Amino acid sequence: MSRVGFKAFVLSLQSSGRRVSLYPKGNGTDHLSVYLELVVLDSSWVRTKFSISLVNQIDCKETITRASRHTFSSGESEWGWAEFVPLSAFHDEIGGYLVEDTCVLEAEISEIYVSPVSSDEVCAATSVKEIFDKLISFPLDDIADPKYETAMMDCLSMLTDRPDLFSDLQFKEIVKLKATFPQTVQEWRGSVQVKDTSAHPWSTHEKTKSLIRDLVKTEEGIRKRLKDLNNKEKELEAQLEAIKRNSRILEEEREEVSKETMILCSLAKEQSSRVQAKEAEVERANKTLEYRLKSKWVATRHLFS
């Protein structure tokens, strides 16, 4: 596996050999590159569906499969993937794709259509394609001319049998264009007629006047709306100012209440002190009175003893 790439025949079909090209060091990329190649293709084309699998020799569930459809011709005899799998994964010793310097590829190829073409047909088709290439460059208002329309339909009828002259994407568009072209031209002509009818100078003048009236109404509506918004803004500003005044008044009232509360607290403390002193005085007077009464009673008892 030290070479840049190698090619091995997979199978042969009719006069056209086939082979799979494998580039173990990549074909200008850091990926394994794999291609299906039709080696001999005279003047025919082959529409083919195929798939290629890189078998994981350790875990078959990790096998990588790529599938594609392609029309092979003498001008494009190779098709595949420049980035089939990263080289790091392919050369990983425990990855399972390269085991003991051996990898296993499986290719499944199904023939869809093979078309042999004579040299006269090739020349005729080439001429038709040249005409088509010229017609397809015309703008739609030119191609809608009956003579060009007929020429385009004739070209499409012939080219739908020659996919070898186009890429896959182009050929799909050719088939689609053949089916939709008549309707496209018809719709274009209809739109042009409507455009011509609506382009009358008087009609344009009336539309302009109507548009101006609509613009004036719109401007008046905008002015009225702007006036309403300005009035609303003034109302909101007045409300905000009133809220600010009320807030200031409440703040002043709160400060006044706070001062009165402090005064009341001070008076309450002072009154409490006075009450406590009076209670102590009453307590002392009660004790004195009690002592005098007891002493007097004792003296009275002694007189009668």
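Is I263 buried or exposed? I263 is exposed, at a relative accessible area of 51%. The cut-offs: buried is under 20% relative accessible area, exposed is over 50%, and partly exposed lies in between, with a 1.4 Å probe and protein chains only.

Before moving on, note that this is a predicted model, in which local features need pLDDT of at least 70, side-chain atom pairs count only at pLDDT 80 or more, and totals for chains, interfaces and linings use all residues. Residues are numbered from 1 along each chain as its sequence is written, and side-chain values use heavy atoms, leaving out hydrogens and water.

**Stop 1: the nonpolar patch**

Stay on I263, in helix α6 (residues 201-303). Helices (H or I, at least four residues) and strands (E, at least two) are DSSP runs, numbered from the N terminus. With I263 they make a nonpolar surface patch of about 310 Å². Patch members have over 30% relative accessible area and no salt bridge; like charges are joined within 9 Å, nonpolar side chains (Val, Leu, Ile, Met, Phe, Trp, Tyr) within 5 Å. Areas come from the Shrake-Rupley method with a 1.4 Å probe; for residues, only the protein chains shown count as cover.

**Stop 2: salt bridges**

The whole structure holds 8 salt bridges, each a side-chain nitrogen of Lys or Arg within 4 Å of a carboxyl oxygen of Asp or Glu.

Select E270 and R274. Their side chains form a salt bridge at 2.7 Å, N to O. They sit 4 residues apart in helix α6, so about one helical turn separates them. E270 is partly exposed at 38%.

Next, K129 and D133. This salt bridge spans 3.2 Å, N to O. Both lie in helix α2 (residues 119-135), 4 residues and about one helical turn apart. D133 is partly exposed at 36%.

Now pick E149 and R189. Their closest N and O atoms are 2.7 Å apart in a salt bridge. The pair links distant parts of the chain, 40 residues apart: E149 is in helix α4 (residues 146-159), R189 in helix α5 (residues 168-198). E149 is buried at 18%. R189 is partly exposed at 30%.

**Stop 3: a strand residue**

Go to E37 in strand β3 (residues 31-38). E37 is buried, at 11% relative accessible area. Show S21 too: the two side chains make a polar contact at 3.4 Å. Such a contact is a pair of N or O atoms within 3.5 Å; within protein, one must be able to donate a hydrogen and the other to accept it, and residues adjacent in sequence count only if both atoms are side-chain atoms.

**Stop 4: cysteines**

Finish with C60 and C103. C60 is exposed at 62%, while C103 is buried at 17%. The disulfide count is 0, using a cut-off of 2.5 Å between cysteine sulfur atoms.
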